[in-house]
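Colleague: I'm new to this one. Could you walk me through it?

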Amino acid sequence: MNKFLSTGALLLCCTAAHADPISWGFSFNGFYDSVSNSFLPDEVISGSFKGNDLDGDGLLEKEELLSLVVGELDYVACAPTSNAYYFCGATGFSFSPDSGLHFSVGSYGSDPEGWVGGGRLITTGDQHYAYEFNPGMTTERHLYWTSDTTLTMMSQAPEPHTWLMLAAGLLGLGWRARRS
């Protein structure tokens, strides 16, 4: 009975190490700017995301996200702060190494009178739209994806505790098998 329990505990260590969230970094490079009527090869939209493929289908979807950072803003964490004058969140997300990365995020708002505000809307494969307004001026920026826009994905290494748990579980299983 003692062997059974210790073996189960070691298997649990290995399983817990494997259950860590999927974590990736990304960078889109090169966009067409409609104002300057030119392609900007050094323009970058980058970020990271983390989630758990809960249904095991190999596709990470919006409901499975723990975080989605684009630029400096986490669109998963900011969603609960949305109210009548401010919206922040992701309206779509999917990722798999085979089908690629697709998301739609936005944050926008204004003061209660509607005099001052702004926002940002990003839909991969389409456009990045940013704007600001106040009584004195309005600014807008439209960047569009083109066939020259490139995506770079960077797999994030598991955290050190993940490797330690996996190593402890595997070493323990090897030691248990050797003693048997």
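This is a predicted model: local features need pLDDT of at least 70, side-chain atom pairs count only at pLDDT 80 or more; totals for chains, interfaces and linings use all residues.

Colleague: How many aromatic pairs does a search of the whole structure find?

Modeller: Ring pairs link Trp24, Phe26, Phe28, Phe31, Phe49, Phe93, Phe95, Phe103 and Trp145 into a cluster. Over the whole structure, the number of aromatic pairs found is twelve.

Colleague: How far apart in sequence are the parts tied together by Phe28 and Phe103?

Modeller: The two rings sit edge-to-face, 6.4 Å centre to centre with 65° between the planes. Strands (E, at least two residues) are DSSP runs numbered from the N terminus. Phe28 lies in strand E1 (residues 22-33) and Phe103 in strand E7 (residues 100-110), so the parts that this pair ties together are apart by 75 residues.

Colleague: Is Phe28 buried or exposed?

Modeller: Buried means under 20% relative accessible area, exposed over 50%, and partly exposed in between (1.4 Å probe, protein chains only). Phe28 has 4% relative accessibility, so the word for Phe28 is buried.

Colleague: What is the pair of Phe28 and Trp145, stacked or edge-to-face?

Modeller: Their ring centres are 5.3 Å apart and the planes meet at 75°, so the pair is edge-to-face.

Colleague: Which residues touch the most other members of the largest nonpolar core?

Modeller: A nonpolar core is a set of buried Ala, Val, Leu, Ile, Met, Phe, Trp, Tyr and Cys residues joined through side-chain atoms within 4.5 Å. The largest one has 22 residues, and those touching the most other members are Phe49, Leu68, Val70, Phe93 and Phe103. At least two core residues come from each of E1, strand E2 (38-51), strand E4 (65-70), strand E6 (86-96) and E7. To repeat the names you asked for: Phe49, Leu68, Val70, Phe93 and Phe103.

Colleague: Which residue in E4 does Ser48 stand opposite?

Modeller: Two strands pair if DSSP finds at least two bridges between them. E2 and E4 are antiparallel, with five bridges. In E4, the residue opposite Ser48 is Val69.

Terms used: Residues are numbered from 1 along each chain as its sequence is written. Side-chain values use heavy atoms; hydrogens and water are left out. Rings of Phe, Tyr and Trp (its six-membered ring) pair if their centres lie within 6.5 Å; planes under 30 degrees apart count as stacked, over 60 as edge-to-face and the rest as tilted. Helices (H or I, at least four residues) and strands (E, at least two) are DSSP runs, numbered from the N terminus.
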